[in-house]
Each structure stands twice: as structure tokens, then as C-alpha cells.
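Hi,

Here is the structure I promised to pass on. Have a look at it first, and then read on for what turned up.

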Amino acid sequence: RRALRPDPADARAWNNLGSVALARGAPSVAVEHLRRAADLDPGTAIYRINLADALNAAGHQEEADGEFRAAAAAAPELAEAHRGLGEVALRRGDLAAAEAEFLRAAGGPEPSARACNFLGYLLARRGAARAAADQYERALRIDPGLADAHASLGLLYAGPLGDRERAVAHLKTSLRLDPGQAGAPRLREALRRLGAAGP
């Protein structure tokens with residue numbers, strides 16, 4: 001906010017302010033700030049990607065899809081642009097296209113943690129628990145604060161992979177990182193079945 005006082009047209013400051021709002025669980029506020037950043041500097045693809053993520057969080061999927069497509073057209077080398085295209089394909093039910101985009105986003109010198117997380121999800125859907133766990137672990141090596149990956153990994157270890165200690169650790173970490181997540185009751189129930197208290 002201080003950066004915006006002397007220069008209200010500072011796109012980077014608006015982007016950062018929107019990213020903070022999204023991290024704090026205020027997607028509508030994030031959309032407002034991130035849209036300002038993207039309008040001020042439409043050529044910077046990462047602003048569009050951040051806006052698309054905020055639009056997703058605010059429940060505006062169609063608009064988010066358009067922003068992901070625009071970002072990928074502007075910067076096809078960006079891993080997060082391909083992660084976004086993977087999300088677009090996943091929403092329309094095209095699992096093959098989604099997987100191809102997530103693989104592209106997970107490769108390269110700056111892989112996307114969220115793309116690895118989505119690959120884990122697709123592999124788990126196919127019943128490939130060990131391969132799914134490997135992708136979730138990879139996501140967490142890139143971004144240890146990814147609550148979704150901890151949750152999914154915890155449930156895999158609590159179920160088909162049968163490792164109680166790891167299950168408890170990941171489930172507790174997920175709940176600590178995001179206690180209000182939609183799947184929190186399921187995670188707490190899994191911890192109860194494992195004989196472990198929640199965080």
C-alpha cells in the first residue's frame with residue numbers, strides 16, 4: 001500500500017497486494033487488485049495467471065479460463081500458464097489434455113508445484129497410488145506449504161500405502177497450514193481413525 005501512494009499505477013504493487021489478499025482468504029478483494037495489475041500491464045503474463053487463480057477462488061471459472069488462455073498465448077514458456085491450461089482442460093473433462101499440460105508445467109527448469117499436485121490427483125484417480133505419492137512429494141519439495149498436497153499424501157499413506165506415521169504427519173501439516181479447508185472434516189476423521197489427535 002505504501003508503494004502505491006507515490007505511484008497508483010504501479011502494476012507490480014497491485015499484483016503483490018492482490019496476492020496477499022488471496023493468501024489471506026479474500027478472493028474477491030484479490031480479484032479487484034489483480035485485475036488492476038493486469039489492466040495496467042496487460043503484457044505481463046504472471047499478472048493474468050494470478051488474476052485467474054483469484055477468479056477461480058472466487059468461483060468465476062469461465063473468466064479464469066479466459067485469463068489462463070491469454071497468459072499462455074502471451075508467455076507459452078511459463079510453467080504456471082500451462083498449469084492453468086491444464087486446469088481449464090480438467091474442468092471440461094479432457095483428462096488427456098489436462099495431463100499433457102500438467103506434465104509440461106511440471107517439467108523444465110522452474111517446475112510448477114501445483115502442476116505436480118494435479119498430476120498426483122490424476123494418478124490417484126487411476127489407482128496408481130505410489131506414482132501419485134511421488135508427484136505429491138515432488139510438489140512439496142517445490143512448495144512445502146501446499147496444504148492440498150499434504151492432505152492428498154496423508155490420505156494415500158492412511159489408505160493404500162499404509163504408512164501411519166507419514167499419514168499422521170501430512171494430515172496434521174495440512175490442517176495446520178489450512179484449518180478451514182473444505183476437506184478438513186475428512187482429514188480430522190482420518191486422524192481419528194489413525195488414533196492421532198488433530199493439530
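Before we start, one term: a pocket here is an open set of grid points with protein on both sides within 12 Å along at least five of seven lines, and its lining residues have an atom within 4 Å of a point. Also keep in mind that this is a predicted model.

With that in hand, take the second largest pocket. It is lined by 13 residues, and those nearest its centre are Glu77, Leu78, Ala79, Glu80 and Glu110. Its volume is about 200 Å³. Helix H5 gives the most to this lining, with three residues, and helix H6 (95-106) also supplies at least two. Sorted by class, the lining of the second largest pocket has six nonpolar, three polar and four charged residues.

Now the largest pocket, which has a volume of about 1300 Å³. Its lining is made of 36 residues, with Arg114, Asn117, Leu146, Asp148 and Asp178 nearest the centre. Several helices give two or more residues to it, among them H1 (11-23), H5 (79-91) and H11 (184-193). Which helix gives the largest share of this lining? That is H9, with six residues. The lining of the largest pocket divides into 18 nonpolar, 11 polar and seven charged residues.

The buried residues of H8 are Ala129, Ala132, Ala133, Gln135, Tyr136, Ala139 and Leu140. Looking down the axis of H8, you will see these buried residues fall within an arc of 160°, which means they line one face of the helix. What covers the buried residues of H8 includes helices H7 (113-125), H9 (147-158) and H10 (164-177).

Is Ala45 buried or exposed? Its relative accessible area is 6%, and the cut-off for buried is under 20%, so Ala45 counts as buried. Leaving aside residues up to four places away in sequence, Ala45 touches Ala71, Ala74, Ala75 and Leu78. Leu78 is also one of the residues nearest the centre of the second largest pocket. Asp7, for its part, is 38 residues from Ala45 in sequence and 21 Å from it in space, C-alpha to C-alpha.

Conventions: Residues are numbered from 1 along each chain as its sequence is written. This is a predicted model: local features need pLDDT of at least 70, side-chain atom pairs count only at pLDDT 80 or more; totals for chains, interfaces and linings use all residues. Side-chain values use heavy atoms; hydrogens and water are left out. Buried means under 20% relative accessible area, exposed over 50%, partly exposed in between (1.4 Å probe, protein chains only). Helices (H or I, at least four residues) and strands (E, at least two) are DSSP runs, numbered from the N terminus. The arc is that of the directions from the helix axis to the C-beta atoms. Contact means heavy atoms within 4.5 Å. On a 1 Å grid over the protein atoms alone, a cavity is a set of points where a 1.4 Å probe fits but cannot get out, and a pocket is an open set with protein on both sides within 12 Å along at least five of seven lines; lining residues have an atom within 4 Å of a point. Grid points are joined across faces, edges and corners, and a volume is the space filled by probe spheres set on the points. Ala, Val, Leu, Ile, Met, Phe, Trp, Tyr, Cys and Pro count as nonpolar, Asp, Glu, Lys and Arg as charged, and the others, Gly among them, as polar.
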